[in-house]
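The tour goes from one selection to the next.

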Amino acid sequence: QVQLVESGGGLVQAGDSLRLSCAASTRSFSWYAMGWFRQAPGKEREFVATINRSGTSTYYADSVKGRFTISRDNAKNTVYLQMNNLKPEDTAVYYCAARQTTTVVTTEGNNYWGQGTQVTVSS
């Protein structure tokens with residue numbers, strides 16, 4: 001089991017950047033693939049980005065490809081989401097996800113979840 005706490009959300013203007021962090025409370029962080037999901041009001045939660053256990057493989061949703069970068073620091077038990085050139089359609093609650101797998105986390109199910117952090121992008 002692992003506890004996840006997101007931080008770094010806020011209110012920004014279109015074109016700005018934000019860096020989200022997800023701190024994991026576990027002694028086995030390197031055993032977990034990590035991911036970021038988001039949920040806009042009235043919408044289902046959707047996949048955003050994921051990274052494998054060693055940080056050697058990443059995968060992104062088409063909507064954020066080229067703008068967002070996921071990374072991890074296993075020594076700090078932390079995964080990051082660097083968000084550049086933010087758009088109003090990026091407005092959502094962003095959730096950190098963890099799964100004990102050798103691949104990546106692109107779907108719901110078998111995940112541990114954080115509480116979420118709000119990102120609001122104004123035009």
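The stops below cover the disulfide and then the salt bridges of this predicted model.

**Stop 1: the disulfide**

Select cysteine 22 and cysteine 96, whose sulfur atoms are joined in a disulfide at an S to S distance of 2.1 Å. The count of disulfides comes to one. Display strand E3 (residues 18-25), which holds cysteine 22, and strand E9 (residues 92-99), which holds cysteine 96; the pair therefore ties together parts that are 74 residues apart in sequence. Look along the S-S bond: the angle about this bond is -85 degrees, and the link is left-handed. Are cysteine 22 and cysteine 96 buried or exposed? Cysteine 22 is buried, and cysteine 96 is buried too.

**Stop 2: arginine 38 and aspartate 90**

The salt bridges come next, and their count is five. Select arginine 38 and aspartate 90, where a salt bridge between the side chains has an N to O distance of 2.9 Å. Arginine 38 sits in strand E4 (residues 33-39), while aspartate 90 is in the loop between strand E8 (78-83) and E9; the pair links distant parts of the chain, 52 residues apart. Keep the surface on for both residues. Arginine 38 has 5% relative accessibility and counts as buried, since the cut-off for buried is under 20%. Aspartate 90 is buried as well, with a relative accessible area of 0%.

**Stop 3: arginine 45 and glutamate 108**

Move to arginine 45, which forms a salt bridge with glutamate 108; their closest N and O atoms are 2.8 Å apart. Where do the two partners lie in the chain? Arginine 45 is in the loop between E4 and strand E5 (46-51), and glutamate 108 is in the loop between E9 and strand E10 (112-113), so this pair, 63 residues apart, also links distant parts of the chain. Arginine 45 is partly exposed, with a relative accessible area of 26%. Glutamate 108 is likewise partly exposed, at 40%.

**Stop 4: lysine 65 and aspartate 62**

Select lysine 65 and aspartate 62, a salt bridge with its closest N and O atoms 3.1 Å apart. Lysine 65 is partly exposed, having a relative accessible area of 47%. Aspartate 62, at 64% relative accessibility, counts as exposed.

Note on methods. Residues numbered from 1 in each chain as written. Predicted model: local features only at pLDDT ≥ 70, side-chain atom pairs only at ≥ 80, totals over all residues. Heavy atoms only, no water. Disulfide = S-S within 2.5 Å. Helix = DSSP H or I, 4+ residues; strand = E, 2+ residues; numbered from the N terminus. Buried < 20%, exposed > 50% of the residue type's maximum accessible area, 1.4 Å probe, protein only. Salt bridge = Lys/Arg side-chain N within 4 Å of Asp/Glu carboxyl O.
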